Amino acid sequence: MHRDAFMMADRPEDDGDTSILTATKPKTKRPPLYKVLLLNDDFTPMEFVVHVLERFFGLNHAQAFEIMLTVHKKGVAVVGVFSHEIAETKVAQVMDFARRHQHPLQCTMEKED
Ligand code: TYC
């Protein structure tokens with residue numbers, strides 16, 4: 001036999017095993033979180049905003065009043081941090097509730113850093 005005419009398994013560096021082993025880091029990445037933001041406007045009544053915060057974000061009256069005042073004074077505040085799906089639901093609930101009551105209240109979400 002010609003000296004280069006090796007069969008696969010005859011090559012010293014190849015034992016014929018076709019399996020591939022790759023070291024992989026165990027993936028434990030947590031899903032990203034999203035901040036739900038409430039925006040100020042000049043028309044939505046303060047009591048309506050307080051009610052929204054109690055109803056959709058599980059805040060007590062004092063907490064809701066405090067966050068409402070922060071939005072009123074600063075223009076925007078984070079009202080909660082959630083998974084993407086829960087944040088989307090909260091935003092939709094607030095926007096729908098505000099629209100049904102004909103208030104221009106705006107609620108948005110943004111990815112947390
Ligand atoms: N600025 C509104 C007012 O004076 C109150 C308000 C607070 C509106 C928070 C929206 O997200 C808001 N009636």
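A polar contact is a pair of N or O atoms within 3.5 Å; within protein, one must be able to donate a hydrogen and the other to accept it, and residues adjacent in sequence count only if both atoms are side-chain atoms. This is a predicted model: local features need pLDDT of at least 70, side-chain atom pairs count only at pLDDT 80 or more, and totals for chains, interfaces and linings use all residues. Residues are numbered from 1 along each chain as its sequence is written, and side-chain values use heavy atoms, with hydrogens and water left out.

- A backbone N or O atom of threonine 44 lies 2.9 Å from a ligand nitrogen.
- For leucine 39, a backbone N or O atom is 2.8 Å from a ligand oxygen.
- Histidine 72 places a polar side-chain atom 2.9 Å from a nitrogen of the ligand.

**The shell around the ligand**
- Residues surrounding the ligand (a heavy atom within 4 Å of it) include Asp41, Met46, Met68 and Leu105.
- Strand 1 (34-39), helix 1 (46-57) and helix 2 (61-74) each supply at least two shell residues.
- Helix 2 gives the most, with three residues.

**The protein chain**
- The chain has three helices and three strands; these are DSSP runs numbered from the N terminus, helices being H or I with at least four residues and strands E with at least two.
- Along the sequence, the pattern is β-α-α-β-α-β.
- Of the 113 residues, 28% count as buried, meaning under 20% relative accessible area (1.4 Å probe, protein chains only).

Key. Buried means under 20% relative accessible area, exposed over 50%, partly exposed in between (1.4 Å probe, protein chains only).
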